[in-house]
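Here is a short briefing on one protein model. It covers a helix pair, a strand residue and some backbone details.

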Amino acid sequence: MAAEQTIAGELLARLTRFGRVYLLDTVGSTNDYAFSLAARKEPAVVVARRQTKGRGRFRRRWFADEDSLIFSLLLFTESGFPQPAAVTQIAGLALCRAIELGIQTAKPPAMLRWPNDVVISNKKVAGILCEQRGQAVVVGVGVNVNQHQLPENLPEAGSLFSVYGQACDKMRLLDLFLEEFSQLLTQMKKGNSQPVWEEIRQRSAVINHRVEVKTLLRRHLGTVIDIDDEGRIVLRSDSGRLVVLSSGQVRQLR
């Protein structure tokens, strides 16, 4: 892979602390590749320069080019391991922290748009897709990093460069994410989850906002009042009824 030539040995060694590292030039989907490794029963980090069949939730196609950071983590459930909805929120928080550490500023801050987007100044810069098959859990992450322009058909999309005006080392961003994600996951497994959930709520771009949530079966209108400790959204509907949702597509209303 071309990326191997650009990753310093010290950084590559750091990445291997989290599992076997696979550096790929082109792959259909890093999530699918990660699942293909599950029989080996060892954690893995799959990084690709190009992804030809990347997908988001509901199997929507995910935009990525060579200025993107595309990777998937392969993990295995054990005692105390959070549910996928919660893992998605933890990964989102880790990515927010990593972005701000990598760019060295928290202005404007990286925010979480439930269930799986990272937004900055109302621009979507990253998406997370967490999937589980048996005991294997794959956390797929795509970040728009150094694009100067995004496709015209993606008006809500942005990149770290377009927001902050500076280039970012993609592999350093990956290293920062892995460090933050590992720390948060360890904290959750030890039962010290409340500070994690508090920060997730503080970084929420939808709490206290009126939204539309589309699920496979229904459309909900209301105001988000909380994200619970299982990563679910708590919505007070326009009729006054409380609705708890574990998945859906959110659109913020004015």
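In α5, Leu184, Gln187 and Met188 meet Pro195, Val196 and Trp197 of α6. Contact here means heavy atoms within 4.5 Å. The residues of this contact divide into five nonpolar, one polar and no charged. The model is predicted: local features need pLDDT of at least 70, side-chain atom pairs count only at pLDDT 80 or more, and totals for chains, interfaces and linings use all residues. Residues are numbered from 1 along each chain as its sequence is written, and side-chain values use heavy atoms, with hydrogens and water left out.

**Helix pair**
- Two packed helices are described by the angle between their axes and the distance between the axes.
- Helix α5 spans residues 170–189 and helix α6 spans residues 194–202; their axes come within 9 Å and cross at roughly 130 degrees.
- That makes α5 oblique to α6.
- Angles under 35 degrees count as roughly parallel, over 145 as roughly antiparallel, 65 to 115 as roughly perpendicular and the rest as oblique.
- Axes are lines fitted to C-alpha atoms, for helices over the stretch in contact, and angles run from 0 to 180 degrees between N-to-C directions.
- Ala, Val, Leu, Ile, Met, Phe, Trp, Tyr, Cys and Pro count as nonpolar, Asp, Glu, Lys and Arg as charged, and the others, Gly among them, as polar.
- Helices (H or I, at least four residues) and strands (E, at least two) are DSSP runs, numbered from the N terminus.

**Ile227**
- Ile227 sits in strand β9, residues 219–227.
- Ile227 counts as buried, at 2% relative accessibility.
- Buried means under 20% relative accessible area, exposed over 50%, partly exposed in between (1.4 Å probe, protein chains only).
- Leaving out residues up to four places away in sequence, Ile227 touches Trp114, Trp197, Arg201, Ser204, Ile207 and Arg232.
- Ser246 is 19 residues from Ile227 along the chain, and their C-alpha atoms are separated by 9.8 Å.

**Cis peptide bonds**
- Most residues other than glycine have a negative phi, and most peptide bonds are trans.
- The bond from Lys107 to Pro108 is cis, with omega near -5 degrees.
- Pro108 lies in the loop between α3 (84–103) and β4 (111–113).
- The bond from Trp114 to Pro115 is also cis, with omega near 5 degrees.
- Pro115 is in the loop between β4 and β5 (117–120).

**Positive phi**
- Gln104 has phi near 65 degrees.
- Gln104 lies in the loop between α3 and β4, and is exposed at 69% relative accessible area.
- Ser121 has phi near 50 degrees.
- Ser121 lies in the loop between β5 and β6 (123–133), and counts as partly exposed at 48% relative accessibility.
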